[in-house]
Amino acid sequence: QVQLVESGGGLVQPGGSLRLSCAASGSTFRSSVLGWFRQAPGREREFVAAIQQSDSRTYYTYYGDSVKGRFTISRDNTKNTVYLEMNSLKPEDTAVYYCARRYGDNTYLSTSYDYWGRGTQVTVSS
């Protein structure tokens with residue numbers, strides 16, 4: 001079994017930065033693809049970023065078009081934690097952000113993920 005707990009959300013001004021954390025428990029962290037999705041009221045769940053470690057030296061990262069160049073995903077295997085550093089935040093980034101583990105084939109689809117955290121609210125407003 002896998003448990004995922006997000007933290008780090010809050011209120012931030014446009015142009016500001018925020019760092020989200022996803023603490024994972026269970027035995028799947030090292031080899032699994034971990035992703036971030038977000039969902040705003042009235043909108044479908046949107047892919048944000050994902051990270052996969054193939055070996056001790058090689059990481060693969062993936063980003064949604066709307067966050068490329070602004071967000072950075074990383075992971076700390078010692079702490080079993082995935083991070084999402086968000087920079088140059090915009091009001092349209094406002095959403096609940098979820099951490100999830102992939103089990104299916106498509107990194108970009110929410111239906112390919114089987115374990116989800118409860119989410120953390122990010123609000124970008126002046």
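Buried residues account for 44% of the 126 residues in the protein chain. Here buried means under 20% relative accessible area, exposed means over 50%, and partly exposed lies in between (1.4 Å probe, protein chains only). The model is predicted: local features need pLDDT of at least 70, side-chain atom pairs count only at pLDDT 80 or more, and totals for chains, interfaces and linings use all residues. Residues are numbered from 1 along each chain as its sequence is written, and side-chain values use heavy atoms, with hydrogens and water left out.

Start with the fold. The protein chain has eleven strands and zero helices. Both kinds of element are DSSP runs numbered from the N terminus: helices are H or I with at least four residues, strands are E with at least two. Read from the N terminus, the order is β-β-β-β-β-β-β-β-β-β-β. The radius of gyration of the protein chain is 14 Å, close to the 14 Å that the globule rule gives for 126 residues, so the chain is as compact as a globular protein of that length. That radius is taken over C-alpha atoms, and the globule rule is 2.2 Å times the number of residues to the power 0.38. Along its principal axes, the C-alpha trace spans about 40 × 30 × 25 Å.

Next, the contacts and the surface. Take the contacts between residues at least 6 apart in sequence: 55% of them join residues at least 24 apart. A contact means heavy atoms within 4.5 Å. The protein chain exposes about 6800 Å², and carbon and sulfur atoms supply 43% of that area. Accessible areas come from the Shrake-Rupley method with a 1.4 Å probe; for residues, only the protein chains shown count as cover.

Now look inside. The largest nonpolar core holds 26 residues. Such a core is a set of buried Ala, Val, Leu, Ile, Met, Phe, Trp, Tyr and Cys residues joined through side-chain atoms within 4.5 Å. Trp36, Leu84, Met86 and Tyr97 have the most contacts inside this largest core. At least two of its residues come from each of S3, S4 (34-39), S5 (46-53), S7 (71-76), S8 (81-86), S9 and S11 (120-124). S3 gives the most, with four residues. A second, separate core has seven residues, including Val33, Phe37, Phe47 and Ala50.

The search of the whole structure finds one disulfide, defined as a pair of cysteine sulfur atoms within 2.5 Å. Cys22 is joined to Cys99, S to S 2.1 Å. The pair links distant parts of the chain: Cys22 sits in S3 (residues 18-25) and Cys99 in S9 (residues 95-102), 77 residues apart. Both cysteines, Cys22 and Cys99, are buried. The torsion about their S-S bond is about -80°, so the disulfide is left-handed.

Charged pairs come next. Five salt bridges turn up in a search of the whole structure. A salt bridge is a side-chain nitrogen of Lys or Arg within 4 Å of a carboxyl oxygen of Asp or Glu. Arg38, Glu46, Arg70 and Asp93 are linked in a network of these bridges.

Arg38 counts as buried at 6% relative accessibility. Asp93 counts as buried too, at 0%. The side chains of Asp93 and Arg70 also meet in a salt bridge (2.8 Å, N to O). Arg70 lies in the loop between S6 (59-63) and S7 and Asp93 in the loop between S8 and S9, so this pair ties together parts that are 23 residues apart in sequence. Arg70 is buried, with a relative accessible area of 10%.

Another bridge joins Asp114 and Arg101, whose closest N and O atoms are 2.5 Å apart. Asp114 is in strand S10 (residues 113-116) and Arg101 in strand S9, so the pair ties together parts 13 residues apart in sequence. Asp114 is partly exposed, with a relative accessible area of 31%. Arg101 is buried at 14%.

Finally, consider a loop residue. Gly26 is found between S3 and S4. Gly26 is partly exposed, with a relative accessible area of 41%. Gly26 and Arg102 are 76 residues apart in sequence and 14 Å apart in space, C-alpha to C-alpha.
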